[in-house]
Amino acid sequence: MKRLSETWFAEGYIDFELKKYTLLAYLQEINSCFQQNKLYPQLADVIFHYHNMIAFRENKKFLQDHFPKRLNGVQLEKLEVLYEQLIEDDELMQELEDIIQYAASQMKVAITEGSEIYEFVEEKIQIAPVGIVPLDNKEGYFFLNSGNETDTRVYHYRLSMFEKHDEKYRSIKTSYIDMWYRSLATTYENIKLELIRKRTELPNPAVYVLQTPLKFPVEETLLPIAKRCLVKFISSEAA
């Protein structure tokens with residue numbers, strides 16, 4: 001995947017046509033992935049760059065709070081120093097403003113397209129518990145099935161809570177276990193029983209099946225969205 005640096009729009013020779021070429025090459029690859037219904041990491045990346053540019057233009061100082069994984073302290077300081085240098089040059093700042101305005105509008109189109117794909121996939125995912133769900137459902141397994149395939153991917157999941165800006169959020173960690181072939185003799189219930197027999201550390205696990213009648217790329221789209229859907233589903237059960 002073609003990458004842009006955090007300050008690509010203000011690095012090196014600041015020229016509208018040059019930056020436009022860099023941007024369009026980046027977005028061409030993003031759009032190519034979206035046309036294949038591949039969303040990650042492309043959608044998250046373009047959203048990051050969009051907000052990063054807007055924050056730079058507005059001289060915001062909270063970039064690190066919004067993107068702690070992408071901007072460390074040194075990078076944030078570099079962004080602020082760069083802003084101080086550029087703001088003293090009216091002509092250069094106007095060129096930069098034109099670059100950011102154009103880039104933001106183009107990225108917004110890509111974000112809208114990616115978001116529409118995300119929402120479409122999310123609407124197609126159906127979630128149901130397999131058997132009785134225990135009171136403690138913060139850890140367990142989920143089965144992922146796409147396009148009515150008989151092959152079912154099995155994952156272990158663990159939910160945890162974290163706080164940010166005095167708000168509580170749920171996060172999910174998953175690990176792939178195996179692929180099961182479903183048949184009349186091997187149902188979701190049978191797979192659950194087999195997991196309990198082989199993985200004794202979870203004698204009474206919460207188990208869910210997430211399936212969609214349409215086929216989507218698993219790693220780039222279906223799995224990331226399915227994980228978020230599962231978090232929302234479990235959270236709604238606990239409410």
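**Core, aromatic pairs and salt bridges in a predicted model**

Asparagine 145 counts as buried because its relative accessibility is 3%; here buried means under 20% relative accessible area, exposed over 50%, and partly exposed in between, with a 1.4 Å probe and protein chains only. The model is predicted, so local features need pLDDT of at least 70 and side-chain atom pairs count only at pLDDT 80 or more, while totals for chains, interfaces and linings use all residues. Residues are numbered from 1 along each chain as its sequence is written, and side-chain values use heavy atoms, with hydrogens and water left out.

Asparagine 145 lies in strand S2; helices (H or I, at least four residues) and strands (E, at least two) are DSSP runs numbered from the N terminus. A polar atom of the asparagine 145 side chain lies 3.2 Å from the backbone oxygen of glutamate 149. Leaving aside residues up to four places away in sequence, asparagine 145 touches Asp151, Thr152, Arg182, Tyr188, Leu210, Gln211 and Thr212, where contact means heavy atoms within 4.5 Å.

Next comes the nonpolar core, defined as a set of buried Ala, Val, Leu, Ile, Met, Phe, Trp, Tyr and Cys residues joined through side-chain atoms within 4.5 Å. The largest such core has 49 residues, of which Phe9, Met107, Phe142, Leu144 and Tyr157 touch the most other members. Helices H1 (16-35), H2 (42-57), H5 (90-124) and H7 (218-238) each supply at least two residues of this core, as do strands S2 (139-146), S3 (151-164) and S5 (206-212). The largest share of this core, 11 residues, comes from H5. A second, separate core of 11 residues includes Ile191, Leu195, Val207 and Val209.

Helix H2 has 16 residues and reaches 23 Å from its first C-alpha to its last, close to the 22 Å expected at 1.5 Å a residue; the expected span is 1.5 Å times one less than the number of residues. Because 12 of the 16 residues of H2 are buried, this helix is largely enclosed by the rest of the structure.

The structure holds 9 aromatic pairs, counted where ring centres of Phe, Tyr and Trp (its six-membered ring) lie within 6.5 Å; planes under 30 degrees apart count as stacked, over 60 as edge-to-face and the rest as tilted. The rings of phenylalanine 16 and tyrosine 102 have their centres 5.5 Å apart and their planes at 70 degrees, so this pair is edge-to-face. The pair links helix H1 with helix H5 across 86 residues of the chain. Phenylalanine 143 and tyrosine 188, by contrast, are stacked, at 5.8 Å centre to centre and 25 degrees between the planes. Phenylalanine 143 is buried at 0% relative accessibility, and tyrosine 188 is buried at 13%.

Finally, the whole structure has 8 salt bridges, each a side-chain nitrogen of Lys or Arg within 4 Å of a carboxyl oxygen of Asp or Glu. Glutamate 122 and lysine 232 meet at 2.6 Å, N to O, joining helices H5 and H7 from positions 110 residues apart. Within helix H6, glutamate 194 and lysine 198 lie 4 residues apart, about one turn of the helix, and their closest N and O atoms are 3.7 Å apart. Glu194, Arg197 and Lys198 are linked in a network of salt bridges.

Note on methods
Polar contact = N/O pair within 3.5 Å; in protein donor to acceptor, adjacent residues only side chain to side chain.
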